[in-house]
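Hi there,

Here is the structure I promised to pass on to you. Please have a look at it first, and then read my notes below.

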Amino acid sequence: MTDTDFDPGTPPAEAAHDDHVLATWTATVAGRLLTEVRGQGLEGRELKDAGDKAAHDLLMRLLREHRPDDAVLSEESAASIADKSRLTSRRVWIVDPLDGTREFSEPPRDDWAVHVALWQDGDLVAGAVAQPGLDTTFDTGQPPVVPPRTSARPRIAVSRTRPPEFVKALAEQIDAELVPMGSAGAKVISVVRDVTDAYVHAGGQYEWDSAAPVVVARASGLHTSRADGAPLEYNQDDVLLPDLLVCRPELAETITEFVKAYWAEHPPA
Ligand SMILES: Nc1ncnc2c1ncn2[C@@H]1O[C@H](COP(=O)(O)O)[C@@H](OP(=O)(O)O)[C@H]1O
Ligand SMILES: [Mg+2]
């Protein structure tokens, strides 16, 4: 299954003028395509590459068709990263066609996602995170309602494979439980769903890894910032955005104070 064998159907009529609806529809159909790719019997590197390519090609095609005047920055396109015209564009779609590529290639794991965000005039304004394994797309048009907190002990989502070096010390200091998981989108959504209370990352990541999850989390009332509390800035010349904190608002100060103190002693590389 490639993007050209796949029929995405037609978007809801409101997608013609409503960016929230277009983000939701494009992320959802890319998730459907990825589910089909996953069912084709490919494994490992072949499955990862087929998924990355199919979802990227489909998103580029749909955004070109439905928003021809907008710029696009995609993880899977070196040309879109190198094309600096986005820096003077008023509107830039920031997409990660398959976030959690490793977990996508390990069925039946559900911690992988499609990210579609829109940056306009200096900040993120709309976005959607499709998590096909949960059969749900989380979006800014109808922001998810964060349920009441069910755990007194903080649960911190961290990368399965690349957790921040300070995270064990942080967990000890605030008596938190660490919850390893793949995909930045799935980890942010775990906070939205009250599966965890915070997602802390450091050590490397790019704008597309966090843009859509962050704009959805903000719309749901969660705290979003760099790990030390500094503001997140998107559509920058350098697309590296190496650290991130998304959490319930009441945990933000404790975590950012810890990170600031840690980085004062061990500055990030
Ligand atoms: N140290 C690092 N450097 C670069 N990218 C990183 C990174 N740590 C995590 N990421 C990216 O952030 C996403 C979530 O990672 P993780 O599952 O480890 O939490 C992955 O995106 P992709 O799957 O789109 O490549 C991964 O590549
Ligand atoms: Mg990613």
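**The sheet and its helices**

An open sheet is built from 5 strands in the order E7-E6-E8-E10-E9, with mixed pairing. Strands here are DSSP runs of E with at least two residues, helices are runs of H or I with at least four, and both are numbered from the N terminus; two strands pair if DSSP finds at least two bridges between them. Strand E7 (177-181) and strand E9 (223-225) are at the edges with a single partner strand each, so one side of each has no neighbour in the sheet. From one strand to the next, the twist averages 20°.

Before going further, a word on the source: this is a predicted model, in which local features need pLDDT of at least 70 and side-chain atom pairs count only at pLDDT 80 or more, while totals for chains, interfaces and linings use all residues. Residues are numbered from 1 along each chain as its sequence is written, and chains are lettered from A and ligands numbered from 1 in the order in which they are written.

Strand E6 (residues 155-159) pairs with E7 in the parallel sense over 5 bridges, and Arg-155 stands opposite Glu-177 in E7. Helix H5 (residues 167-174) lies across E6, E7 and strand E8 (198-201), at about 175° to E6. Angles run from 0 to 180 degrees between N-to-C directions, with axes fitted to C-alpha atoms, for helices over the stretch in contact.

**Two domains**

The protein chain is divided into domain 1 (3-139) and domain 2 (155-265), with bounds from an automatic or database domain assignment. Their C-alpha centres lie 22 Å apart. In all, 30 residues of domain 1 are in contact with 22 residues of domain 2, where contact means C-beta atoms, placed from the backbone, within 7 Å. On the domain 1 side, E4 gives the most, with 6 residues.

**One loop residue**

Arg-149 is in the loop between strand E5 (136-139) and E6. Arg-149 and Asp-197 are 48 residues apart in sequence and 7.8 Å apart in space, C-alpha to C-alpha.

Enjoy exploring!

Notes: Contact = placed C-beta atoms within 7 Å.
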